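Here's a quick tour of a few spots in this structure. Have the sequence and the 3D view open as you read.

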Amino acid sequence: MAIGLAQRAVSPQAFRDRFVYYLRYVRGLEVSEATPADQLAALQLAIRETLIDRAVATQRVQAEHDPKTVHYLSLEYMLGRLVDNNLIATGLREVAAEAMAGLGLDLNRIVDEEPDPGLGNGGLGRLAACFLESLATLDYPAFGYGLRYDFGIFRQEFSGGWQRERPDTWLKGGYAWEIARPDLTVAVHVGGSVSVSDDNGRTRASWTGSRVVYGVPYDVLVAGYGTRTVSVLRLWKAEAPDEFDFEVFSKGDFLSAVEGRERAEAVTKVLYPSDEAEAGRELRLTQEYFLVACSVADVVRRFRERHGEHWEAFPDKVAFQLNDTHPALTIAELMRVFVDDVGLPWEQAWALTRASCAYTQHTVLSESLETWPVALMQRLIPRHVQIIYDINTRFLEQVGALHPGEPDRLGRVSLVHEDGERRFRMAHLAIVGSHRVNGVARLHTDLLRGEVFRDFAQMWPERFVSITNGITPRRWLLVCNPRLASAISNRIGDGWTRDLERLCELLPYADDAAFQDEFLAIKRANKVDLARLVEELCGIAIDPESLFDVQVKRMHEYKRQLLNAMHIVALYRRLKADPAADITPRTFIFGAKAAPGYRMAKLAIRLINGVADVVNADRTVADKLRVVFLPDYRVTIASVVIPAADLSEQISTAGMEASGTGNMKLALNGALTIGTLDGANIEIRDAVGEGNIFIFGHTAEEVAQLRQPGRYSPLERYHADPELAGVIDALRDGTFAGGDAAALREIWTALMQDGDRFMHLADFRSYADAQVRAGALFRDRRAWAAKAIRNVACMGYFSSDRAIHEYAREIWNLQPVPPAG
């Protein structure tokens, strides 16, 4: 790419010298002795040298300008592999390839050694990673904050069709991208009690008797593309104040001597500890507070270094963006700092907090709106309990003044849920304590305003804004699909890499036979790559000529992997009834992890693997039907699957998906979408046109109507559709369950006896008919290619660059600071 070449400041010889230097003086090896892991570490350090130079220059320029800076707090970051991303961002890809070849090494083989940091569970973490990359690319001053988990999202294996979780030891061989910053360690207080005293007529709170956990920061540098700006993702690791109690150790009680250390370090031991037990819930809450306390302390320290005690300037220099409810305690922690540590009056502290904080809301599911027992918070962070109660008292007074005589409204908006166990509503805290709340797609924001947070939106209509999610085209086209990226750049130039709207210049080529042929050849080559990966991971041979029907996303009932499986069962039954049935050959490809405690999601995985076992073992359907469930789906696997997909399954129950970003990645890489009018699917339909997408199913409004008492009967749908009845009977009878028929019958129960909450039967026929249309179109390869190219050309709006510009303009009031020179 021209941008990368323009930045080429390191020669292949200089890069080779760097590599050899780090191999010798960090790993202690010569090139001939180095293992692939050693080669990877040296390569990362050689690239990191450029990143550090640019990071230092970025910080120097930003210190001179003293700009407002956004601080992005997220409990998840799905970074993926960084070698290729950083090589392309820094313009060193060709330099590194030439340097490695000069040493008799293959750059691509070294890159394949890199593990995925498992610091997230799905779209939330991947969105955060895209946003950090876009912030750097667009030269916006930014810091990311997260946790440095020892064990990230689990490694997924299948045994007997069941998901089995294994530890993700991503730090086992070290992580060369990170830079430890022990000089910036933060002390975090947990537990203890609060006493209140009078100080010359002013109430003072004193938090005493707490235990201390240290937060040690590790910085991962995030390179902007086509610029020299480098941002920082600061990950906090929990450590104990002392390694062990020497006195206890000397008495021979070795385990007790390290008990405190183990307890402290457990805070960042694992991503999302199970909350089924009290200890797991306590650890999860401690993680959330630890992230917030460390990050707020770090931001306040930097503000003080630059601005002293001029707190009135705080919102002009500092923006906090809360990525979902996990960092909602930022509101209470800022208030604690301003009131207790700084000594500001409550009203001033509250004004500063509100002006500095903004909240991104990522769900419409009531069960996903995080709440915490007051008793648990009292035990862990007692001062924050007082602060939240004080916030709530003042807020309810305000509501009561605006809506007198409406006690039900007060109960709905209160920060405290009083029915049964008292619990703090973290989403309410985030809304009340922020100056902006954004949804992540138009429909999602409408649902927040009109249903989920209607009372708040009526009070503060200006506070709710919509910013549709986006993806970085660097990671999700330039890096993961270089064949297509090159073909696009050969037609319209490479300006699209920093301005994705320029993809619209590709539209005239949708009907160009030569470009269609090239596009189809690229898609087939990508499918061959995926077929090779499937053979390696699953031992299953798949045909690149078949339609690759892909559903890759977090396993959840509302995402309806089960509906996809029901359609596969229907196709299989058709072929068994009539082997000559006119069915377009398909390969169904799944990738998903289920939360360890989510039984229905795990049952769906077992069912899909059971369907795969039956279908793939049946030679009579081998030329028409194959089913693959890729284990341990992660960013690296996504980078192979997404460029190879023909059909993108975006089939969530309408009104339940906030946005989705997988839909964007797949469409950008030339897959046609089959989906409901849910999340960002609506905006994708508007962008690509109704003729270039397969829409089916009930709308969000229709789903809401069906959920009214007496409006929806799964049994009626069952009796009205013989093919659907056959599918449901197969689920009940254990046709695809192997020895687990009794367990998998729970799926049948959820559909037929428990009301089918996610409308599988309601949408089945419409979905199956849309699949027929997709299959028919796929047989006309030129017509399919034309529609796929139009999808690519119309994805410009869905760039994370556009989303970040909107955040900067509508929420943060942030200005870019270009690098020097």
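Strand 14 and strand 15 (residues 423–425) run antiparallel and are joined by two bridges. This is a predicted model, where local features need pLDDT of at least 70, side-chain atom pairs count only at pLDDT 80 or more, and totals for chains, interfaces and linings use all residues. Residues are numbered from 1 along each chain as its sequence is written, and side-chain values use heavy atoms, with hydrogens and water left out. Helices (H or I, at least four residues) and strands (E, at least two) are DSSP runs, numbered from the N terminus.

**The sheet**

- His417 has Arg423, in strand 15, as its bridge partner.
- The open sheet holds three strands in the order 13-15-14, with antiparallel pairing; two strands pair if DSSP finds at least two bridges between them.
- Strand 13 (371–373) and strand 14 (416–417) are the edges, each with a single partner strand, so one side of each has no neighbour in the sheet.

**Helix 13 against helix 14**

- Helix 13 (residues 330–342) packs on helix 14 (residues 346–356) at about 140 degrees, axes 9 Å apart; axes are lines fitted to C-alpha atoms, for helices over the stretch in contact, and angles run from 0 to 180 degrees between N-to-C directions.
- Helix 13 brings Ile331, Leu334, Met335, Phe338 and Val339 to the contact, and helix 14 brings Trp346, Ala349, Trp350, Leu352 and Thr353 (contact means heavy atoms within 4.5 Å).

**Helix 24 against helix 33**

- Helix 24 (residues 561–577) and helix 33 (residues 760–779) cross at roughly 60 degrees, their axes coming within 10 Å.
- Helix 24 is therefore oblique to helix 33.
- For this contact of helix 24 with helix 33, the classes are eight nonpolar, four polar and two charged residues.

**Aromatic pairs**

- The count comes to 26 aromatic pairs (Phe, Tyr and Trp rings, the last by its six-membered ring, with centres within 6.5 Å; planes under 30 degrees apart are stacked, over 60 edge-to-face, the rest tilted).
- Among them is Tyr72 with Phe131, edge-to-face at 6.1 Å centre to centre and 80 degrees between the planes.
- Tyr72 sits in strand 1 (residues 69–73) and Phe131 in helix 7 (residues 123–137), so the pair ties together parts 59 residues apart in sequence.

Conventions. Parallel < 35°, antiparallel > 145°, perpendicular 65-115°, else oblique. Nonpolar A, V, L, I, M, F, W, Y, C, P; charged D, E, K, R; others polar.
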